[in-house]
Amino acid sequence: MHDHILSLRSLSAQGQGLSFGRAFLSWHREPAGVAWTGTVRAATGEGLPSSGDEVELHGETLDGRSIEGRAFVRRSGGSAAVLELEGRGPLVVAGRAL
């Protein structure tokens with residue numbers, strides 16, 4: 001199984017822009033479809049989701065492609081949180097579901 005990595009330039013959750021040090025999504029194909037996860041490091045902002053939330057994500061990759069999808073959030077850390085994302089349903093990149 002080969003993972004594909006998308007490094008992010010911008011990301012919003014539930015329409016609230018997030019500030020972060022580094023963020024990326026990882027996806028791979030499985031027999032049942034595409035599985036994807038993500039990590040957002042040093043995340044800050046008033047709209048920061050709580051652990052256990054399911055959120056709608058929108059963003060842009062470093063090379064300018066749009067991304068969107070829904071994810072379950074696990075949060076750790078204090079004021080500069082680490083968000084671990086578990087994809088729920090399709091990940092759409094540049095208007096195409098993977």
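User: Which residue in S3 is the bridge partner of His 4?

Analyst: In this predicted model, the partner of His 4 in S3 is Trp 27. The strands involved are S1, residues 4–13, and S3, residues 22–30, which pair in the antiparallel sense over 4 bridges.

User: What does S3 do with S4?

Analyst: S3 and S4 are antiparallel and share 9 bridges. The two strands form a hairpin, with 2 residues between them. Within this pairing, Leu 25 stands opposite Gly 38 in S4.

User: Let us stay with Gly 38. Is Gly 38 buried or exposed?

Analyst: Gly 38 has a relative accessible area of 2%, so it counts as buried. It belongs to strand S4, which spans residues 33–43.

User: And which residues is Gly 38 in contact with, leaving aside neighbours within four places in sequence?

Analyst: Those residues are Phe 24, Leu 25, Leu 83, Glu 84 and Leu 85. Of these, Leu 85 lies in strand S7, residues 81–93.

User: How far apart are Gly 38 and Glu 60 in space?

Analyst: Their C-alpha atoms are 14 Å apart, and the two residues are separated by 22 residues in sequence.

User: Back to Leu 85, then. Buried or exposed?

Analyst: Leu 85 is buried, because its relative accessible area is 4% and the cut-off for buried is under 20%. Apart from neighbours within four places in sequence, Leu 85 is in contact with Leu 25, Thr 37, Gly 38, Val 40, Leu 57, Ala 71, Phe 72 and Val 73.

User: How many bridges join S4 to S7?

Analyst: There are 5 bridges between S4 and S7, and the strands run antiparallel. Thr 39 stands opposite Glu 84 of S7.

User: What about S7 and S8?

Analyst: S7 and S8 run antiparallel and are joined by 2 bridges. Val 92 stands opposite Ala 97 in S8.

User: Where is Ala 94?

Analyst: Ala 94 sits in the loop between S7 and strand S8, the latter being residues 96–97. In the hairpin of these strands, which has 2 residues between them, Ala 94 takes a positive phi near 55 degrees. Most residues other than glycine have a negative phi.

User: Which other residue has a positive phi near 55 degrees, and where is it?

Analyst: Ala 42 does; its phi is also near 55 degrees, and its place is in strand S4.

User: How exposed are Ala 42 and Ala 94?

Analyst: Ala 42 is partly exposed, with a relative accessible area of 37%. Ala 94 is likewise partly exposed, at 48%.

User: Changing topic: is Ser 12 buried or exposed?

Analyst: Ser 12 has 15% relative accessibility and therefore counts as buried. This serine is in strand S1. Its contacts, leaving aside neighbours within four places in sequence, are Gly 17, Leu 18, Glu 56, Leu 57 and His 58.

User: Now the whole protein. How many helices and strands are there?

Analyst: The protein has 0 helices and 8 strands. Along the sequence the pattern is β-β-β-β-β-β-β-β.

User: What is the radius of gyration?

Analyst: It is 13 Å, which agrees with the value near 13 Å for a compact globule of 98 residues. Along the principal axes, the C-alpha atoms fill a box of roughly 40 × 25 × 20 Å.

User: What share of the residues is buried?

Analyst: Of the 98 residues, 37% count as buried. The protein exposes about 5400 Å², and carbon and sulfur atoms supply 47% of that area.

User: Finally, what share of contacts joins residues at least 24 apart in sequence?

Analyst: The share is 50%, among contacts between residues at least 6 apart in sequence.

Methods: Residues numbered from 1 in each chain as written. Predicted model: local features only at pLDDT ≥ 70, side-chain atom pairs only at ≥ 80, totals over all residues. Heavy atoms only, no water. Buried < 20%, exposed > 50% of the residue type's maximum accessible area, 1.4 Å probe, protein only. Contact = heavy atoms within 4.5 Å. Rg over C-alpha atoms; globule rule 2.2 N^0.38 Å. Areas by Shrake-Rupley, 256 points an atom, 1.4 Å probe, with all protein chains shown as cover. Pairing = 2+ DSSP bridges.
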